[in-house]
Amino acid sequence: MKIRWLLSVGALLCLAGTAAADEGMWLFNAPPAARIKAKYGFELTQAWLDHVRLSSVRFDNGGSGSFVSPDGLTFTNHHIAAECIHQISTAGKDYMKDGFYARTQAEEAKCPDLELNVLESLQDVTTEVNAAVKPGMSVADQGQAQRAAMSAIEKDCAAATHLRCDVVTLYSGARYDLYRYKKYTDVRLVFAPEFEAAFFGGDPDNFEYPRYDLDVSFFRVYENDKPVHLANYFKWSPSGVKEGDLIFVSGNPGSTARLDTLAQLEFLRDVQYPWFLDSYARRDVLLKKFGAASPENARIAQGNLFGIENSLKAIRGYQSGLLDPALMAKKSAEEAGLQKTVASDPAKKAQFGDPWAELATAMDVQKQIFLPLTYLERRAGFRGDLAGIARVLVRVAEEKTKPNGDRLREYRDSGLPSLEQDLFSTAPIYKSLEILQLADSLQEMQEKMPASPVVARVLNGGTPEEAAKYLIDNTRLDDVAVRKQLYAGGQAAILASTDPLIVLMRDVDPEARAVRKRFDDEVDSVVRRDGAAVAQIRFAADGATAYPDATFTLRLSYGAVRGYTENGQGTVPKGTKLLYFTTIGEAYEHAAQHGNKDPYELPASWVQAKSKVRLTTPLNVVETADIIGGNSGSPVVNTSGDVVGIIFDGDIQSLPWNFAYDDAVGRSIQVDTRGILEALRNIYGATALADELAGKKTSANTSATPGTVPLKNSGN
C-alpha cells in the first residue's frame, strides 16, 4: 500500500462549518463559528468556548456532566449516576428505590470508583505520531509504531503536567490530538430522585417523546477532603428556553459511524448488531427471571437490566438505519462518488490506491475472527465483575514487564492510575449475580463455539452452571486486599496463584492474545491507515464532513428548540403535532392514563406533593442538537453561557444519527432547569441544593422545608 500524505491541520480547520443543517459534533479547537454566525447571528468567542469547555465534565463510566456551582457541585443524569447509587446502596437502604438527599456536606456519600475529567487543553500531535511510521513498514508494523508513539506521548505528558493525558485518534487516523484532563476521583453523591421519577415510563417510553422524566442527579467534587472551588461553572438559568432558541450541547458523544465505508457498515448490519441483539435478548430474559425470585435479587440486578434493555432498544434503532434502503443508497452514492474522484485522477490513484478494497478485506478478517474475538478477548464468554478483575490482574502483571510502547494500550503507564482505581474499588460484588452471568456466558460461548478447545478446557466435562459455581464460590477476588496483594506481587504472584479465576484467565490468555493480535494487525491497523486515506479523499472532494466521528471526547453541538410532527415511528399517532416541551402536570396525567401502574407509577413523594407543585412548569424539552450515546448528562447551554437543561435521551427517530443526521423529526431531549428547580423545592424539599443552584448562600445545615416529602439520606 502506498504511503498516505495527511492533510495539514490548517486545511482541516478551514473545512469546519461546511456540514448541512444543525449537524455536527464539533471539536472545541475547530468549532463551526462562521456557520453559526451566518444562520443564527451569534458569534462564538474564545472566552465563551473556554468557559463552556472548563465547565463541562466527563464521567468516566460513560456519560457527561457539568459544574453548576463554584463549590464543586456537578450534575448528570440519574442513569449515569445509577452505578454509584447502586454501589452505596444495601439491602436495607435502597437509594435507587427511595432516592437520596444529603442535607449537609457531611452526609454526601463518596462513590467507590467514579472518575470525572475536565478538558484542560488540546494539542495536535499528528506529526509526532506519524513520525514513528517508517518507509517499508508493513501495515501491522505501522499500527504498532503509531500505538507506541501514542503511549510515549501520553507518558511524557502525564509526567510533565500531572494530568490525565490521552492521545485521541480522529478521522480514523488522519489526525491525532492530545487531550489533557484534570482528573477528580473524590466524587460524592448529593441528590438523586427515585428511579420511578428518573425513569418514569420505563422501557416503553425510553427513546420516545413526549417524555416526563426527572433524569438528574447531583454530585460534589472534592480534593484533599474539601469541596473544590471553581472559577468556571455554569450559572443556573431560571427561565429555561422557548421555541426557536439557539442552544448548545457540550458533551462526550461515545461513537458514531458516519464516516465508515459501506463494508464497515455492512459488517455492523450483518454481523455485529445481530449478535448484540441476540445476546442482549437472552440476557434480558435471564435477568428478569433472576429479579423475579426475590426483592433483593431485583435490587442487585436492576442496573444490569436497565443497561441491557437500553442497549437493546438503541441497537434496534441503529439497525433500523442500516436496514433503511434510502439511507444505505445515500451512503452507496457518496462512496461511489469518492471512488470516482480517485479513479479519474492518476495522481490521486497513485497516492491513495484503493483504500475501500483494503477496508473490505479488513472487514472480512473481522468476520472470520468475530466469535473468538468477542468471546475470548472481549470476555463475552466470561461475563461478570470478578472475571473482569481476574483478566486485568493476569494481563497487567505481564504487560508491566514490557516497555511502555510494547504494551497493550489499556496497560500503558499513563493509564495505570485509572486502572488501579477501578481494580481496587470497594464497590460491593454479589456472587449470586456473578454466578448467573458467568454460567450464562459460558453456555452462550459453548453454543456459538462448540468445537473450541478453550471451551472444552474451561468446562472440563462439566456444565456451564457447575463451572461458574465452582469458579465464583472459590475465588477470593471479591476481597480488595487479595487484589492488591496479587497486583503488588506482579507476574510471580500471578503465576503462583491458585485462585480459580486467575488460573482460568491464565489458561485462556494465549488464545485471547492471539486473536487480539490478529485484530490489531489485520483490522485496526488497516482501518487506521485506509480509513485515514478515505477521510483525506473526502476532505479533498468537498469537505462535507469536517467534524470527525465521535470518540467519547468533548464536542460542541448546537441547534434550535423546536417541536415536530410525528411521522409514525414513535408512540403517538402519525401526524400528531408535538410541542417543544412537556410539563410536570402532564407527568401526573400520563401516570393516570396508565392506571398509575409500573412503569407509569410516580413515587409517593410526587403524589403527596402534587398540591404544592406548579403543574405548568416545563419538565422535558426537545431540540435539534446533534447527539448520540455518551451525551447523556451533557449540559444544554444558552448563548449567555448559562445552563438551561441537561440531555438525557433522543427520540426513536434520532437513533439512526449514528450514521446520518436528519432533523426532520429526530430530536435530542433534555430535562429543563425550571422543572428541576421546581421538583427540588416543592417535591423534595431540597432547599439548600436549590438555593446553591440559584446562587444563594444558605446554611450548610439547612434541612428540608416543612410540609415537603424529603428523600431518605445517608444518615437514615
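**Rings and helices**

Tutor: Phe-75, Tyr-101, Phe-191, Phe-218, Trp-236 and Tyr-684 are joined by ring pairs into a cluster; rings of Phe, Tyr and Trp (its six-membered ring) pair if their centres lie within 6.5 Å, with planes under 30 degrees apart counted as stacked, over 60 as edge-to-face and the rest as tilted. The model is predicted, with local features needing pLDDT of at least 70, side-chain atom pairs pLDDT 80 or more, and totals for chains, interfaces and linings using all residues. Residues are numbered from 1 along each chain as its sequence is written, and side-chain values use heavy atoms, without hydrogens and water.

Student: How are the planes of Trp-275 and Phe-370 arranged?
Tutor: The ring centres of Trp-275 and Phe-370 are 6.0 Å apart. Their planes stand at 80 degrees, so the pair is edge-to-face.

Student: Is Phe-370 buried or exposed?
Tutor: Buried means under 20% relative accessible area, exposed over 50%, and partly exposed in between (1.4 Å probe, protein chains only). Phe-370 has a relative accessible area of 7%, so Phe-370 is buried.

Student: At what angle do the axes of H12 and H21 cross?
Tutor: Helices are DSSP runs (H or I, at least four residues), numbered from the N terminus; axes are lines fitted to C-alpha atoms over the stretch in contact, and angles run from 0 to 180 degrees between N-to-C directions. The axes of H12 (residues 325-343) and H21 (residues 500-541) come within 10 Å. They cross at roughly 85 degrees.

Terms used:
Helix = DSSP H or I, 4+ residues; strand = E, 2+ residues; numbered from the N terminus.
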